[in-house]
Amino acid sequence: MNEEELVEYFRAQMRTDPDMASAVAAIRTLLEFLKRDKGETIQGLRESLTWATDCLTGVDSSVAVSSGGELFLRFISLTSLEHGDLSRCKKVMEERGELFLEKISMSRNKVAKLCHTFIKDGAKILTHSYSRVVLRVLEKAAAEKKRFSVYVTESQPDSAGREMADALRKLNVPVTVVLDAAVGYVLEKVDLVIVGAEGVVESGGIINKIGTYQTAVCSKAHNKPFYVVAESFKFVRIYPLNQQDVPDRFKVRKDRGRLCFVLLSLLTSCWPPQYKADTLKTVKNLSEEHPMIDYTPPSLITLLFTDLGVLTPSAVSDELIKLYL
């Protein structure tokens, strides 16, 4: 596969199933790339997969695509040197790739099964922006006949929270959309906060849609539990200490195929979507751009619900070591 075919395959995956996480689409693409690759050495195969991962992060520079691609390469290459024959090695790598894809495809359901028990009858929940994992958790709670209501932040500049509200209304869940600036006002009414994450970092903190940090700060001030739900393929090996430590490639973005900069949204409306990485290629002074993600430190997080289990922020580093070693 050349770069054009690789990118088109990735975008086709996203078009086929809008509910698919971008990291899962990237891993499907890498698996297909592996099957078509004509490399003659294991080292060449690894280099090709690394190149393919770089191509995908150039199209969609989200934390999940970066960490998912790295984990995929790590997972499939664990046994690559156990066989002398290249064709057998490649076959084993493909089998492990299929196993990895199957494993991460079940992640959301595992997270929902763990987290929904923390939602009690009559609960009032605050969530931020749009998160497929949060939606799956709330869907599971609704399926268990629990009665609860949800406040959703509008989540500017792309109003992703309104999409979340529409999805919840289809589940017959009472939902209220609130302004991003009204988080502190509504927190005294809610019982718990549940947010998703684009990435979980080594410290146990998270990288997520802009506004998550202020929501966590307000939750702490109101003494309300702040829960994070995320799949393990979003665990990434970076250790930011503050907002400036988060790599720029993650900050300036266009989320879920929507145009996240207001100026660009006035100028562009087409498919395939202009992905977040485009901004990094065209904008020289990022200080003038609106950051699309922020970093929430572990001290503000109560628990993380992942497919690896329920974790405290301090336990994340141990899980990262297990994933990458």
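**Salt bridges and a helix crossing**

E144 pairs with K140 in a salt bridge, with 3.6 Å between the closest N and O atoms; the term covers a side-chain nitrogen of Lys or Arg within 4 Å of a carboxyl oxygen of Asp or Glu. This is a predicted model, so local features need pLDDT of at least 70 and side-chain atom pairs count only at pLDDT 80 or more, while totals for chains, interfaces and linings use all residues. Residues are numbered from 1 along each chain as its sequence is written, and side-chain values use heavy atoms, with hydrogens and water left out.

The classes run as follows: buried is under 20% relative accessible area, exposed is over 50%, and partly exposed lies in between (1.4 Å probe, protein chains only).

By the salt-bridge rule, the count comes to 14. In general, side chains of opposite charge can pair when their charged atoms come close. One of the bridges joins R162 to E154, with the closest N and O atoms 3.0 Å apart. Here R162 is partly exposed, at 43% relative accessible area, whereas E154 counts as buried at 12%.

Then there is D158, which bridges to K209 with 2.7 Å between the closest N and O atoms. This pair ties together distant parts of the chain, 51 residues apart: D158 sits in the loop between β2 (148-153) and α8 (160-170), and K209 in strand β6 (residues 206-209). Helices (H or I, at least four residues) and strands (E, at least two) are DSSP runs, numbered from the N terminus. Both partners are buried, D158 with a relative accessible area of 11% and K209 with 3%.

Salt bridges also link up into a network, made of D19, R108, R136, E139, E231 and K234.

As for helix packing, the axes of α6 (residues 107-115) and α7 (residues 132-143) come within 8 Å and cross at roughly 50 degrees. Axes are lines fitted to C-alpha atoms, for helices over the stretch in contact, and angles run from 0 to 180 degrees between N-to-C directions. The two helices are therefore oblique to each other, given that under 35 degrees is roughly parallel, over 145 roughly antiparallel, 65 to 115 roughly perpendicular and the rest oblique. On the α6 side, the contact (heavy atoms within 4.5 Å) is made by R108, N109, V111, A112 and C115, and on the α7 side by R132, V133, R136, V137 and K140.
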